[in-house]
Amino acid sequence: MGIVYYEQDRIFKLDTPRTSYMMGVVDKEGFLGHIYYGKKVSGHELAYLLRTEEPPFVPSRNERDRLSFLDKFPMEYPTHGIGDFREAALRVRSAAGHKFCTLSYVSHKIFSGKKGIEGLPASFAGEGKCTTLEILCRDAHLGMEVVLSYSVFEDSDVIARHAEVANQGRERIFLEKIVSMSLDMDNRCFEALTLHGSWARECHRERRPLGRGFQGIGSRRGISGHQDHPFMALMTPATSQESGEVYGVQMVYSGNYEIRAEVSQFGTVRWQAGLEGEDFCWALEPGERFASPEALLTYSDRGLDGMTGSYHDFIRCHILRGEYKDRKRPILINNWEATYFDFDTEKLLSIAREAAKLGIEMLVMDDGWFGNRRDEFRSLGDWYVNEEKLKGGLSYLVEEVNKLGMKFGIWFEPEMISPDSDLYRAHPDWAIAVPGRTPSMARGQYVLDLSRREVVDCVWEQVEAVLRSANVEYVKWDMNRPLCDLGSLGLPPERQGELAHRYMLGVYELQERLVTRFPHILLENCASGGGRFDAGMLYYSPQIWCSDDTDAIERLAIQEGTALIYPLSTIGAHVSNCPNHAVGRNTPFETRGYVALAGTFGYELDVTRISEEDKEMIQEQAALYHKYNDLIREGDYYRIASAAENHLYDCWQVVGKDGKESLVTWIQVLCGPGRQSHMVRLKGLEESARYRVEGAGEEVELSGDILMYVGLRIPDRRGDFAGQVFHLVRVEEAE
Ligand code: GLA
């Protein structure tokens, strides 16, 4: 395992436990060519692997056909303008206006451990746990250096990649495009799997074959977005949930991005993930550097289950930080769907009093507590407590909540400014806008220009003052509109193309301050639900509110898509009231609980107004949470059946890392004809072990192979949307 440079062949080989990645230096110009990425291999023969014996020859042997070489060669990090007409990884404009750069290998370093990326979220691992390769390439004419960075981890099949550009020349250059990773492969009839949606409909899976030309996804919204998720998998047509080859890439970034695949004239695929190019242009003065965000690549020959397992473990070990990353989170109750803007201290305390009796551990006060905020149209930016609503102030409320034995959490939307706010009246130029034009409002608000230091500092001072004023133990950090009208009064004309990325750097800086200065606070990100659910935000908050749609049945597809790459411990999920506020559907309280248990778990309803029956169920659900959350948070997750595909039922399973227990959750979406039981084939068990299966009022003992190859029999339950859970305990352990 690790990284080896074969000096004689000039080949780099990166090994993870089950994969290999190879590239090599060729020709007198030192082109870096991609060789292979996939299942682990042992060889590294240069001439054979790089196919340099095939026409067109490398330029040193056939200069006459240099262009056809460049347009075919699998460049490891292709550049724009040189005659490789496929998508470039790096497009640079010189001070003279030429768009051309070419990279030659200069040197490399291999070291134990991994560096951070300044100002950006990035995966991490201690020395001895990971090995990093940095390849230095240069464009001598421009005086530009590019460092391509690759890290492999001893416990993971994920490879972390990014690129950094340094201007060592005498003139300013402009970066017009920079990707985090580029990968050339032979097309094996690849199909792309992506996650799509809109507000309250995040992360629905879509699979389609790659065609010739460009295809891909991205965001120009300034946030990763509800619409296209910053993730793509390429897989062969035969690949299924359980078997076959899958390549995955996801961004550790929360702003504008692009993930694209291009099928060339020769049937090869060039696959790239990085910053979105259209709204981006970064001026790099002599002596300055620019770092791309990180991309996480993975390969599995065990179908989507393999990819999911790798990403879940990787995010848990190498992205999530802070005190709560491995800890059970408090069961919370959030007042948003209970009261919306209409609450005061007494109302919140009445909810807290009832909730405390039922085993709920934290009250979260959502939107509406600050400035003159009585609806969506005012006060964002005025982060001081509205004492008309909260008589006695925040500290009184929090003390009273604490007296009940509960923690207290609070909502902010720090990146925004309402036109009707003291902040806007004092600093109208702090809203992102193109001078002389009226910017578009969304949800009655503008976006703060966080590319400006004074704006970041002002927001921080206000947020910090609130957090220091009372015993706040949780923050919900919301962000409820995309960026447009991209103009900043803090940037000169030639730097306006930097705004969207600089905005993200401002957001990251604010969140870094929050997690370092308030290490005991549990941070949950949110962007109108899952509008900014990505590995970048997970670096700051171990959980993200996954959707404003709290309907248990809608949530099945949303949580299935989200759990394709993110661990269940990161997925914000609550039980809410029925008829559901987003879709008007009624589902059993029990089922709502089972679906929310597959996430962070909490409530979003008025407990003072629900039936005694529902209250009893909350106590049962709280007990289930305490019984199963360690397993759900830490275990291996498997998708067993998808209601989005079969339209009948949904089923997922979690198996403890030690193999001693497993939890199977089954939700009926439609009553099947004939009232027949269903056999679902489980995964991740030991074939020869015996398991005691508790659930549906029955207890049976079955072997692992029966449960995996014949199946677990799920009795039919009357009524749509019924849910059932089954707890499996390995018998040796139970006795
Ligand atoms: C967003 C969030 C909700 C809630 C509201 C408050 O829509 O996703 O959970 O906090 O804002 O305005």
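Me: What should I know about the numbering and the confidence limits before reading the values?
Reply: Residues are numbered from 1 along each chain as its sequence is written, and side-chain values use heavy atoms, with hydrogens and water left out. Because the model is predicted, local features need pLDDT of at least 70 and side-chain atom pairs count only at pLDDT 80 or more, while totals for chains, interfaces and linings use all residues.

Me: What makes a residue part of the shell around the ligand, and how many residues surround the ligand?
Reply: A residue is near a molecule or strand if one of its heavy atoms lies within 4 Å of it. The ligand is surrounded by 13 residues, the closest being Asp366, Asp367, Arg443, Lys476 and Asp548. The shell divides into six charged, four nonpolar and three polar residues, where Asp, Glu, Lys and Arg count as charged, Ala, Val, Leu, Ile, Met, Phe, Trp, Tyr, Cys and Pro as nonpolar, and the others, Gly among them, as polar.

Me: Why is the pair of tryptophan 369 and phenylalanine 412 called edge-to-face?
Reply: Rings of Phe, Tyr and Trp (its six-membered ring) pair if their centres lie within 6.5 Å, and planes under 30 degrees apart count as stacked, over 60 as edge-to-face and the rest as tilted. The search of the whole structure finds 32 aromatic pairs; in this one the centres are 5.4 Å apart and the planes stand at 90°, so the pair is edge-to-face. The two residues are 43 residues apart, with tryptophan 369 in the loop between β22 (362–365) and α6 (393–403) and phenylalanine 412 in strand β23 (residues 407–412). Helices (H or I, at least four residues) and strands (E, at least two) are DSSP runs, numbered from the N terminus.

Me: How do you know whether phenylalanine 601 is buried or exposed?
Reply: Buried means under 20% relative accessible area, exposed over 50%, and partly exposed in between (1.4 Å probe, protein chains only). Phenylalanine 601 has 1% relative accessibility, so it counts as buried. Proline 237, at 46%, is therefore partly exposed, and it lies in the loop between β14 (231–235) and β15 (246–252).

Me: What makes arginine 93 a charge over the ring of phenylalanine 174?
Reply: The rule asks that NZ of Lys or CZ of Arg be within 6 Å of the ring centre and within 35 degrees of the ring normal. Arginine 93 lies over the face of phenylalanine 174, at 4.4 Å from the ring centre, and arginine 555 lies over the face of tryptophan 545, at 4.8 Å from the ring centre.
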